[in-house]
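Hi there,

Here is the structure I promised to send over. My notes on what turned up in it follow below.

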Amino acid sequence: MKADKTIGSAHPKWFGLALQALVVLSRKSDIYPSAAIADCLNTEATQLRRVLAKLSGGQIIETREGRDGGYRLKRPPETITLAEVYIALKVGEPLCSGMLETIGIQDSELSMESAFVDIANEIEQNTIETLKQYTIAQLAERTISCSNS
């Protein structure tokens, strides 16, 4: 599927990739290059840099350009919630977009659309509230470090 190359909005897989990259960065105090992070995650560096650019724009990581460039967390991992990552990535389209495309009931089309939007908004809010309960540090504690560390 070519959707990974989406430029305007993040691909749904980016959230998992972002979380893993942030766990790797949480274990590093210095600037860490994208190629090393990509190697650790067994992913393509170009795709990872797209994800890291979104995280940089969301003020979650710092970026240093150039030969000695790379990335590092902007704040301690204990202060970065998974909700912040999710919001910074703006993962995919809202659930209601797909639901709205399925509306086929003609007589109550407007009320069906309104119901779908309300439900999708509630799901999105619940997702964010759940993700607020977890930090990158907590996720890092539950995982094994990369053997290339």
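In these notes, contact means heavy atoms within 4.5 Å. The model is predicted, so to speak of local features a pLDDT of at least 70 is needed, side-chain atom pairs count only at pLDDT 80 or more, and totals for chains, interfaces and linings use all residues. Residues are numbered from 1 along each chain as its sequence is written, and side-chain values use heavy atoms, with hydrogens and water left out.

Let me start with T81, which sits in the loop between β2 (70–73) and α4 (82–89); helices (H or I, at least four residues) and strands (E, at least two) are DSSP runs, numbered from the N terminus. Setting aside neighbours within four places in sequence, T81 touches L131, K132, Y134 and T135. T81 is buried, at 17% relative accessible area (buried is under 20%, exposed over 50%, partly exposed in between, with a 1.4 Å probe and protein chains only).

Most residues other than glycine have a negative phi. N42, in the loop between α2 and α3, has a positive phi near 55 degrees, and N42 is exposed at 74% relative accessible area. Q59, in the loop between α3 and β1 (61–64), also is not a glycine and has a positive phi of about 60 degrees; Q59 is partly exposed, at 43%.

Which residues of α2 and α3 make the contact between these helices? From α2 they are S34, A35, I37, A38 and L41, and from α3 they are A45, L48, R49 and L52.

Best wishes
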